[in-house]
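Let's take a walk through this structure together, one piece at a time.

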Amino acid sequence: EAIKHCAPITPSALIKTKKQLKNLQHNQSTLETPLTRKETEKIQREVAFEKTSKEVSRWQSVVLQNQKAEQLVFPLNQEPSGPKRIEHVVAGWKAQTPLEQEIFSLLRMNKQPLHDPVLTPTEEASLRAMSLEEAKIRRAELQKTRVLQSYYEAKAKRGKKIKSKKYHRVQKKVMRKEYLKQFDEMVKTDPAAALEELKKMELSRMKERMSLKHQNSGKWAKSKAIMAKYDDGARKAMQKQLEVNKDLTQKLVIPADEDEEDEEESAETLPDFVNDVEPILDQVNPWMRGKLSTEPMMEESNRLDPPVWPREVGKPGEGQDEQEEDEEQMEETEEESLLRGFEERRKLRQTEDYNSFSIQTPDGKKAEILEISDYDEEAVEISDDDEEAGLSNFTSLFHGLVNHMEPPADQPKAGPGLRQGESPALLEEGLVRVRTLEDVELLSQDISTSDTALLTTQILGTEETDTQSATQQADKKRKKMIDPNEVLTKEAKVIEMPLAPTAVEDVEDKEEQRVIIKEAFAGDDVVSDFLKDKRKQEEAGRPKVIDLTLPGWGEWGGLGLQPSRSKRKRFRVKVAPPPPRQDQKLPNIIIAEKRDSSIAAHQVCQLPFPFEKPIQFERTIRSPVGRTWNTQNAVQKITAPKVVTQLGAIIEPIAREDLIKDNRQAVTGPSINLESDQGPQKKRRSQQKKQHKRKKN
Amino acid sequence: MAASSETMLKKPHVGKKRKPPTRYWERTEEDGKNDGKKQKEGDNNEQTPQQNNTRTKKGGKRGGKRGGAGKKVISGKSDPFPGSAPVPEEKLKKFRRGVKGELPPRPQYKLRDVVIRSEAASDLAQKQNARYDLMLPEDAGFLEGDEDEDTCTISQDDIVDAVDITAGAKYFNLTLSQFGPYRLDYSKTGRHLLLGGRRGHVTCLDWQSKQLMCEMNVMETVNDVKWLHSEALFAVAQKKWLYIYDNKGIELHCIRKFNDVLRMQFLPYHFLLATASATGFLQYLDVSVGKEVVAICTKAGRLDVMAHNPHNAIIHLGHSNGTVTLWTPNQREPLVKMLCHQGGVRSVAVDKTGTYMVTSGMDKKLKVYDIRAYRPLQSYFLPAGASCLSLSQRGLLSAATGDIVQVYRDVWGIPVTKPYMAHRAKGSVWGVHFCPFEDVLGVGHGEGFTSMVVPGAGEPNFDGLDANPYRSAKQRQEWEVKALLEKIQPELIGLDPSQLSQVDHSTWEQRHEDRVQVLGFDPLAKEKFTPRLKTKGRSSSGKVEKRKKQVAHEDQRDVIRQTVEDRMKIDKERKEKEKKKAAAAGQKSALDRFRK
């Protein structure tokens, strides 16, 4: 250091060295004396302990695993003997020699399959490849479609920009028609698919019901609601939307009168359907009633003045009246097609099973309307209320049309009362109620009759046994008095015999005969004897009150002197009542209460180690182990020994290498493959929760 | 192609930002795909438990490989049905033993391991048993009459004409008019028949081959005859004593301790011969060691009605005062005393499963009891009363009235009005007995013996290791040794045969109490909750109480929660069942309108 500093001697450096020297002079600390032998040894021991404990604790998991293992096969880590399945051999094989590795790397590079002899990706691709002509055709097709798409897109863009409402309306109509046509075709060509469509319609209706559309809850509706106070038009628009909602969400029920008209329309085609019970069933359904009561009302008003009605509905959009007039004419044709579709669908339905509800209950007409509404949903988005107005118009028109076609006089079932404002649904309801009431009455009658019968029998019985009861009045004060008349009361069924016994039982010994006769007449009062016996048994089982009163303590004693009552009461030890007898509720049975202790010698009375409660142990021994009750395979698995050693094999201690390897894999031998179930996870969680709760507190 | 163009047509209507609204006509394909996905998911679900299983078994090399094997096969195809075939629930139910409980908590991991392992073992056993149940394919047939023809009018001759020659040979008569009414017994395998005439004629024969094994006259009144555990020995209750003969007719023992025996029953798994005597004694003889086990004075007079419950080896005795008593050799008084008839009891029979008891009495009634609950199920009135009853393995009841033997089917179900079969014997009937594993009813009467064909009487599936009708002599010897090794001690007889698998609770409790006294505390008691001490006023008495309340009644709450859950589950199951039933019925009920 000094040499280093020699070359450039600066004053600052000098000062520094001086300081250092000074420090050295001041620093007079010497080396510490070495620790005593004892202490060094202690430290060494500590270090050694730590080291070895670390070493040893590495084995802990292995030891624990082996302890837990169901079965240990020594020597450990043995390959299971016997033939292996080819898949295992193939899958488990690893390239070890350099040559093999090279081969495998080559294979891998060329994407050759290693395990499964399936095609390589390239081969698959080549297989998938097509011929040139095919490819060309395909390309042309694609081009064409792309061009078409672009044309269509451009057209649509243009169309979208058009602001004319009328244009959109017309377009919608066109689409509707198209769709209807398609559907008709489908009905003809592929009825199953058409049915599917129908189902989808129903589903979309359901969705509509679930959604918040047309519920007057949107932004527009809210603004209208504010306006409604002052603006008549806004109010009407709102109402209209609500109506639309009702229309859309209404479950379609075919009212009876409508059915009739259907009958007229297609009497020869579907006579069965009209007479079907289903729709009526639906009407009876209380969940359907609420809606029904509104709809038929509407219909009735239709019926009253069918030509006026559509115009009434059309009122809200007053300015559009003329347009709608035009539309109506267009719709007339549409209606026809609709009706056709309707009929066809019915036919379809007829062919189908009547079992399923989902297809049967919805009315075709409504579904149709819905499907149309679905069809131009985007249009709805653009001009919501406008479209709805048209839609509701359309439906109402349809209603009107249908009702118009029906001659007013032809209503034998509905009756005149219905015409005067009573809705059919109400009538239905009334009918149902009456029926149920009747039922109830019948039921009650039944009950009452049976009751009375019972009562009379009881009365009779009591009259018969009046004298008996009088004598047994005292006994009846006791709680558990069994009436002898209650015993053996089960009435007997008489059995017809095809053959009558001819031979009289020829009893050999006269003595025996006498015995039999005696037996026959001995049991005259069998029942009361039995009851007496039973009572005696009960009495014997009842614990006796222990009287510990000593005469003379605290009072006079002597001959003829009873201890006072209070004293007797005080020193009387009352024993807790025994558990209720098993035969308490069985009048003609006596069950011995005495415990049979003979089996106790064979029972387990001390639980083996991990068990703490008897119930745990009982659970583990609930199923038998032996061959008599189990299959051979099961017995072998259940009774497999815990440790298996192979004859002649050297069992060596677990090597360290094994241990390191085992930290990744498992050490233990093959376990017995019982299908073990995972514990109920939920329960564990709840338990943990509980513990947690406790800890928190 | 058409579909795709349609979709293209629809596209421009939709704004670019918005997601196109789903249309039902577009949804078909997607749905299909979804379905496929669902299926796949289901498959995965099926596979996951397997994987879990393999994971739980540490070091289970085999298990691991097996789990992998389901996916990869050499051909590159995956197994469409991985894992073993499922076992139907019904069959599993049939082999269920006891109920699973909940596992012990995780801290007790050793106990938990043991419990899990035993559950797995019993599950395996149950599943395997259910799986192999299909090895018992035979089913019993029944006699079916033509339209408006009662099966009871079909005579034995008609049946014999209709059936094949071997089955027809099972109907035969032995005319033995000399030595009076006959008692009979079939051996456990149903191969051998033992007849004992009242006037001393005793004979045993292989009734199928009609080969006579021995025939003799004991020159005394014979009250009853009974085969012992095999066809090599039989017991005869003679006028005074009980005798034991071998199948050559050589008298092996005369047991003087058993006097005036009227009826006998043999308990095959206990090797016990139970006898009821005229003096009112019920005695048990252990035939494997030849010792009397117990003699019980029933104090009920002459005992000539006896039956045994094959399920729990309890002896049923019928008495003249209309009661039926149930006995074990371990108790000197009846376990149960049932008042069954207003007159004396004439005959008792118990069915194979130990569920039903049929009694007939002097009051000419025939009653069916559920002897698990001791409740009367059915009561019939027979115009002449029934003297002898016997129940077959399949639950057919034969009742003899005078010289007519009637066979009833399913007497404990819907009340019957007519017998299933009827046959007139030549003399008054003295004993009836169904032959095990055969559709045969043996009738002993005054004029000899009649073997009747009763279709549907015998169990068609026999257990070859238990009672093999076709066993050879060697097999019989082997069976005998095994049966003796597996002999059940008479102390184990009780009303509940599964009692042995229960811990002796009283002794255990006693021991536990002793332990508690020694330790000074109860190791099993749940530690009492003591709230932790908290600072800053959070351990005020009010707060402490509050905290205590939070954990109070936790067990009770658990129980309540459990019961509510169970109830909901049951409700759900019931609803499902109802739905299924409705679907199965196919017809709509009146209440269906409220559905949906």
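What follows goes from chain A to the sheets of chain B, and then to the aromatic residues.

One thing to keep in mind from the start: this is a predicted model. Everything below is read off that prediction.

Start with chain A. Its secondary structure comes to 33 helices and 6 strands. Of its 697 residues, 31% are buried.

Now zoom in on two helices of that chain, α9(A) at residues 165-189 and α10(A) at residues 191-210. Two packed helices are described by the angle between their axes and the distance between the axes. Here the angle is about 130 degrees, and the axes of α9(A) and α10(A) are 6 Å apart. Want to see which side chains to display? On the α9(A) side, pick A:Y179, A:F183, A:M186, A:V187, A:K188 and A:T189. They meet A:P191, A:A193, A:A194, A:E197, A:L198 and A:M201 in α10(A).

Over to chain B and its sheets. Strands of a sheet pair through backbone hydrogen bonds, either parallel or antiparallel. One sheet to look at is open, has 4 strands and runs in the order β22-β23-β24-β25 in chain B, with antiparallel pairing. At its edges you'll find β22 (388-391) and β25 (421-424) of chain B, each of which pairs on one side only. From one strand to the next, the twist averages 15 degrees.

Let's go across that sheet strand by strand. β22(B) and β23(B) share 4 bridges in the antiparallel sense, and B:S390 stands opposite B:S398 in β23(B). The hairpin of β22(B) and β23(B) has 4 residues between the strands, and in it B:G395 takes a positive phi near 90 degrees.

B:L396 has B:R409 in β24(B) as its bridge partner. The hairpin of β23(B) and β24(B) has 2 residues between the strands, and B:G402 in that hairpin takes a positive phi near 65 degrees. Then β24(B), residues 404-409, is joined to β25(B) by 4 bridges, with the strands antiparallel. There, B:Q406 has B:A422 as its bridge partner.

Elsewhere in chain B, B:K240 lies over the face of B:W241, at 5.8 Å from the ring centre.

Chain B also has an open sheet of 4 strands in the order β10-β11-β12-β13, with antiparallel pairing. β10 (261-267) and β13 (291-297) of chain B each have a single partner strand, so one side of each is left without a neighbour in the sheet. The twist in this sheet averages 20 degrees from one strand to the next. Antiparallel β10(B) and β11(B), the latter at residues 272-277, are joined by 6 bridges, and B:F266 has B:L273 in β11(B) as its bridge partner.

Last stop, the aromatic rings. Over all chains, the count comes to 11 aromatic pairs. In chain A, the ring centres of A:F611 and A:F617 are 5.2 Å apart and their planes are at 75 degrees, so the pair is edge-to-face. Both A:F611 and A:F617 are buried. In chain B, B:W227 and B:F234 also form an edge-to-face pair, at 5.7 Å centre to centre with 85 degrees between the planes. Both B:W227 and B:F234 are buried too. To finish, bring up B:F172, B:Y186, B:W207 and B:F449, which form one aromatic cluster.

Note on methods: Residues numbered from 1 in each chain as written. Chains lettered and ligands numbered in written order. Predicted model: local features only at pLDDT ≥ 70, side-chain atom pairs only at ≥ 80, totals over all residues. Heavy atoms only, no water. Pairing = 2+ DSSP bridges. Axes fitted to C-alpha atoms, helices over the stretch in contact; angles between N-to-C directions. Phe/Tyr/Trp six-rings, centres within 6.5 Å; stacked < 30°, edge-to-face > 60°. Buried < 20%, exposed > 50% of the residue type's maximum accessible area, 1.4 Å probe, protein only. Lys NZ or Arg CZ within 6 Å of the ring centre and 35° of its normal. Contact = heavy atoms within 4.5 Å.
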